[in-house]
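Please keep the sequence and the coordinates at hand.

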Amino acid sequence: MLPKNSMKIAVVGSGYVGLVAAACLAELGHELICVDNDREKLFALKRGEVPIHEEFLPELLAKHRGKRLVFSDSIENAVRASDAVFIAVGTPPAEDGYADLSYVECVAREIGNAIHEYKVVIEKSTVPVNTSDCIRRTLILNGVPTSSFDVVSNPEFLREGTAVSDFLYPDRIVVGADTARAATLLRKIYEPLTSGRYYKEEDAIPGPDGAQIPPPLIMTSTRSAELIKHASNAFLAMKISFINAVATICEHVGADVAQVCGGIGADSRIGSRFLSPGIGYGGSCFPKDLAAFRAVAHDCGYEFRLLDEVIRINEDQRARFLRKIRTALWTLKGKKLAVLGLAFKGGTDDIRESPAVSIVNCLLKEGCEVVAYDPAAAARAAEVLPQKVTFAESAYDAAATADALLILTDWEEFTALDLDRLHAKLKYPIIIDGRNLFDPDVMSEHGFLYFSVGRPDAVPKRDIARARKAG
Ligand code: UDX
């Protein structure tokens, strides 16, 4: 039986955002039709396959598929059967950093052709400010009376790997609605979360420590909501580039960026999250959204130079890491390197804009031999990396007889590696860590020459030759 206040909702686009949103909205008790024009993908979803590596998604799909969550290739049928229609199609980067909104326009046209009575059309895809106006215009041009629809902006703040939990336990829900009617409908959709009702259910997906229950609902204008999304991602990327710049100074003056982070993060106005230095940010969102936000600013007649610098520091971080490898290994040609991690961050199989993949490509160009291991992203990486890259079944296999080991992704499982076993496997006990996963003192105790980002290098406490003989 459907819970009270259950609504009929269509989600157009069954990619990463659309699929997670549809599964989570079904979990909240609504009736979902998830639409995609990729028939193969739809068949796979109907068969029970889960196309992305995302915690709790298999459970939610298994629970609701064929019941509260169905898949379809017809936007028309889905729109007619629903009170609200989410647009969750891709907005890939076009030339000059502008977001390519052609998929959004296409879907808006099809929605327009299907609307016969009042619907709320909700943009969930990350779009530049004013896109809601363009969707509105498209609907009107396709003959929909203004009284028959509202366009709402409801940006997502889902991180890959924790998207389900981010959806169900958000820091905030942002709804940009310009009419009371649309605002009421969106409030109803999120009521199971904002009333706290969902969290009392026995089989609710468990939330992270410190989750804000119930989450606040922030109501804004559509334009403000659109800006909140771009500004949030730009600010987070700025935090990362800021700490990476500070890490560079730490290396020059012999300070420890971890201690500096502890000190600045303790200021509640700054906070300690998103202050992990490393090889820079990647993924399908930050690089694209920063470029798009910069382009939006340019169109407004404002050159957002701060964003130029955030992007420049991020790119420079990869080059700096390569210089670090060169310094550590003297020459690169012919060196056998074990690479741990290819995904753009831990907990996902996504390699889009992955700094790890870009670094591996540079190393191959310099004549290195690369043996890589990633717990989830190896298959995807194999599609884009040259064939000469070898893939290992474990971190230890990758390390076997390697001249050095590089850590390029912050996978949790790497932090639990048996350091003595790793030491015994490597030809030389050199680790260059682009994610600062280990304590330099511990690495030193275990006999490693250990280089990380923004922290003093660690040298082996014990005699390498003797330790290796004994090991
Ligand atoms: C991001 C936003 O966090 C999310 O709100 C938005 O909806 C989509 O974009 P995601 O791309 O999944 O999510 O990854 P996130 O966890 O934000 O990390 C982005 C990149 O920054 C990764 O490459 C990560 O390794 C890097 N990062 C993150 C750092 O280098 N240091 C940090 O302190 C945090």
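Asn130 has a relative accessibility of 35% and therefore counts as partly exposed, since the partly exposed class lies between the 20% limit for buried and the 50% limit for exposed residues. The model in which this value was computed is a predicted one. Asn130 belongs to the loop that runs between strand 5 (119-123) and helix 6 (131-141). Its backbone deserves attention: phi of Asn130 is positive, at about 85°, although the residue is not a glycine.

Glu353 is another non-glycine residue with a positive phi, here near 55°. Its place is the loop between strand 9 (336-340) and helix 13 (355-365). A further backbone feature concerns the peptide bond from Ile213 to Pro214, which is cis, with omega near -10°. Pro214 lies in the loop connecting helix 8 (180-194) and strand 8 (217-220).

The ligand comes next. It is surrounded by 18 residues, of which Glu160, Lys229, Ser276, Lys345 and Arg435 are the closest. By class, this shell consists of 9 nonpolar, 3 polar and 6 charged residues. Helix 9 (residues 222-253) makes the greatest contribution to the shell, with 3 residues. From Lys229, a polar side-chain atom lies 2.9 Å from a ligand oxygen. The backbone takes part through Leu275, where an N or O atom is 3.4 Å from an oxygen atom of the ligand, and through Phe157, whose polar backbone atom is 3.4 Å from a ligand oxygen. On its own, the ligand has 670 Å² of accessible area, and the protein covers 92% of this.

Among the rings themselves, a search of the whole structure finds 8 aromatic pairs. In one of them, Tyr198 and Tyr199 have ring centres 5.8 Å apart and planes at 70°, so the pair is edge-to-face; the angle exceeds the 60 degrees needed for that class. Ring pairs join Tyr198 and Tyr199 with Tyr169 in a cluster. Tyr198, at 1% relative accessibility, counts as buried, and Tyr199, at 15%, also counts as buried, because the limit for this class is 20%.

Technical notes
Residues numbered from 1 in each chain as written. Predicted model: local features only at pLDDT ≥ 70, side-chain atom pairs only at ≥ 80, totals over all residues. Heavy atoms only, no water. Phe/Tyr/Trp six-rings, centres within 6.5 Å; stacked < 30°, edge-to-face > 60°. Buried < 20%, exposed > 50% of the residue type's maximum accessible area, 1.4 Å probe, protein only. Near = heavy atom within 4 Å. Polar contact = N/O pair within 3.5 Å; in protein donor to acceptor, adjacent residues only side chain to side chain. Areas by Shrake-Rupley, 256 points an atom, 1.4 Å probe, with all protein chains shown as cover. Helix = DSSP H or I, 4+ residues; strand = E, 2+ residues; numbered from the N terminus. Nonpolar A, V, L, I, M, F, W, Y, C, P; charged D, E, K, R; others polar.
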